[in-house]
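Here are my notes on this model, as numbered points. Keep the structure open beside them as you read.

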Amino acid sequence: MKSDLPLVCDMNVFAPSQREKHIQITTQLLQGVQSVQELDRGYGFTFPNETMFVINIADFIANERLCCPFLEFILSVNPGNEPISLSLTGPEGTREFLRAELDGAFR
């Protein structure tokens with residue numbers, strides 16, 4: 001993982017309509033979080049094993065990597081009804097950054 005990338009979110013990479021769509025998808029994902037696991041330098045999230053979540057997570061990753069290039073994403077789509085898992089990690093300070101940015105997942 002590149003540790004020389006700044007721990008900064010730049011939402012200016014999006015046109016206003018793209019930004020609104022990204023915020024909307026992120027909000028939907030946060031509402032669907034089943035569990036949160038603290039990782040060394042980030043968090044792991046689980047979601048229901050439903051097609052809508054696979055699509056929304058893929059869209060989230062495609063956009064989030066543009067505004068937050070320091071993040072590493074690991075997506076696991078499990079068989080049957082096992083939850084989907086998404087890990088977001090990065091350089092030191094990422095856990096605190098995610099906690100502030102994705103507050104809705106921690107309620």
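1. Start with a charged pair. The side chains of Glu-38 and Arg-95 meet in a salt bridge, with N and O 3.5 Å apart. Keep in mind that this is a predicted model. How exposed is each partner? Glu-38 counts as exposed, at 54% relative accessibility. Arg-95 is partly exposed, at 22%. Side chains of opposite charge can pair when their charged atoms come close.

2. How many salt bridges does the count come to? The count is three. The pair of Glu-38 and Arg-95 is one of them.

3. Look next at Glu-92 and Arg-41. Their side chains form a salt bridge, at 4.0 Å from N to O. Glu-92 lies in the loop between strand 4 and helix 3, and Arg-41 in the loop between strand 1 and strand 2, so this pair ties together parts 51 residues apart in sequence. Glu-92 is exposed, with a relative accessible area of 66%. Arg-41 is partly exposed, at 43%.

4. Now find Lys-21 and Asp-59. The closest N and O atoms of this salt bridge are 3.7 Å apart. Lys-21 is in helix 1 (residues 16-32) and Asp-59 is in helix 2 (residues 51-67), so the bridge ties together parts that are 38 residues apart in sequence. Lys-21 is partly exposed, at 46% relative accessibility. Asp-59 is also partly exposed, with a relative accessible area of 22%.

5. At what angle do helix 1 and helix 2 pack? The angle is about 130°, and the axes are 10 Å apart. That makes helix 1 oblique to helix 2. Their crossing is left-handed. Residues of helix 1 in the contact include Lys-21, Ile-25 and Leu-29. From helix 2, the contact residues include Phe-53, Ile-57, Asp-59 and Phe-60. Note that Lys-21 and Asp-59 turn up here again, having already been paired as a salt bridge.

6. In what order do its strands lie? The order is 1-2-4-3, in an open sheet of four strands with antiparallel pairing. Strand 1 and strand 3 are the edges, and each pairs on one side only. From one strand to the next, the twist averages 15°. As background, strands of a sheet pair through backbone hydrogen bonds, either parallel or antiparallel.

7. Focus on strand 4. Strand 2 (residues 42-47) runs antiparallel to strand 4, and six bridges join the two. Thr-46 stands opposite Ser-85 of strand 4. Gly-42 has Thr-89 as its bridge partner in strand 4. Strand 3 (residues 72-76) is also antiparallel to strand 4, joined by five bridges. Here Phe-73 is partnered by Leu-88 of strand 4.

8. Is strand 4 covered or open? Strand 4 (residues 84-89) is mostly covered, with five of its six residues buried. Take Thr-89, which has its place in this strand. Its relative accessible area is 15%. Buried means under 20%, so Thr-89 counts as buried. Thr-89 and Arg-41 are 48 residues apart along the chain, yet their C-alpha atoms are separated by 5.2 Å. This is the Arg-41 that meets Glu-92 in a salt bridge.

9. Helix 2 packs on it, touching strand 2, strand 3 and strand 4. The direction of helix 2 makes about 15° with that of strand 4. Helix 3 lies across strand 1, strand 2 and strand 4. Helix 3 runs at about 45° to strand 2.

Key. Residues are numbered from 1 along each chain as its sequence is written. This is a predicted model: local features need pLDDT of at least 70, side-chain atom pairs count only at pLDDT 80 or more; totals for chains, interfaces and linings use all residues. Side-chain values use heavy atoms; hydrogens and water are left out. Buried means under 20% relative accessible area, exposed over 50%, partly exposed in between (1.4 Å probe, protein chains only). Two strands pair if DSSP finds at least two bridges between them. Axes are lines fitted to C-alpha atoms, for helices over the stretch in contact, and angles run from 0 to 180 degrees between N-to-C directions. Angles under 35 degrees count as roughly parallel, over 145 as roughly antiparallel, 65 to 115 as roughly perpendicular and the rest as oblique. A crossing is left-handed if the near helix is turned anticlockwise from the far one by less than a right angle, and right-handed if clockwise. Contact means heavy atoms within 4.5 Å.
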